[in-house]
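Open the model in your viewer and follow along. Each stop names what to select and what is there.

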Amino acid sequence: MRFGMRLNKLFLILGKKGSGKTYYTIHTLIEQYRAAHPKKKILVYNTDDHEAYRYIPRIDKGDLSRWTGAGLYRICDAATTDVLAGINEHVYNGLVIFEDASKYISKRLQKSAWDSILNSKQHNLDMVFQFHGFAACPPEILRQCDVITMFRCDSPAYRRGDLVEYEAVMAGWKKVMASKADYPHQTVVVA
């Protein structure tokens, strides 16, 4: 996945626990984004203090209103509605990664999450949502996403009506599931 000139994309990363999503996010997405956009913000949100992200300085949701300029930060806070509202109100010009969103974004998308997605274009934000699979992902996110990266996960077959490029997604998923590699993944551009 490359971060080119055009921003404001919604990325979806799907994979069961231990499939390689977090490693990919840290060692591919964050590093590519920093290289392509050194003057942009990067924020990682999770409800717990995931050990893989502990190298990133931690801020509180109250600090979002004072965050100016570039930087890489993380928020660990279980008050999802408040954090999403803070992101929607104060975070512009960058990348927001919703680590393990299966924990705090339900299949019926909360208003605060939907508002963040709808406002991402006006806020000049790229957004990355990680879910454990197609079943855990709200249909609104499946319909709005621009890029899907799949690791080993459940089948997209029953989400046919929610996927813009269903045939391409299914072909990519089949490649992942047939692979003998330790952490296979396929990326499909769907918008």
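Color by secondary structure: the protein chain has five helices and seven strands. Helices (H or I, at least four residues) and strands (E, at least two) are DSSP runs, numbered from the N terminus. From that end, the order is β-α-β-β-α-β-α-β-α-β-α-β.

This is a predicted model: local features need pLDDT of at least 70, side-chain atom pairs count only at pLDDT 80 or more, and totals for chains, interfaces and linings use all residues. Residues are numbered from 1 along each chain as its sequence is written, and side-chain values use heavy atoms, with hydrogens and water left out.

Now zoom out. The C-alpha trace of the protein chain spans about 45 × 30 × 30 Å along its principal axes. Of the 191 residues, 51% are buried. Buried means under 20% relative accessible area, exposed over 50%, partly exposed in between (1.4 Å probe, protein chains only).

Next, the salt bridges: a side-chain nitrogen of Lys or Arg within 4 Å of a carboxyl oxygen of Asp or Glu. The count comes to 11.

Select D48 and K103. Their side chains form a salt bridge (2.5 Å, N to O). D48 sits in the loop between β2 (41-46) and β3 (71-76), K103 in the loop between β4 (94-98) and α3 (111-119), 55 residues apart.

Move to D77 and K61. Their closest N and O atoms are 2.8 Å apart, in a salt bridge. Buried or partly exposed: which is D77? D77 counts as buried, at 18% relative accessibility. K61, at 28%, counts as partly exposed.

Last, select D49, R54, R58 and R74. A network of salt bridges links them.
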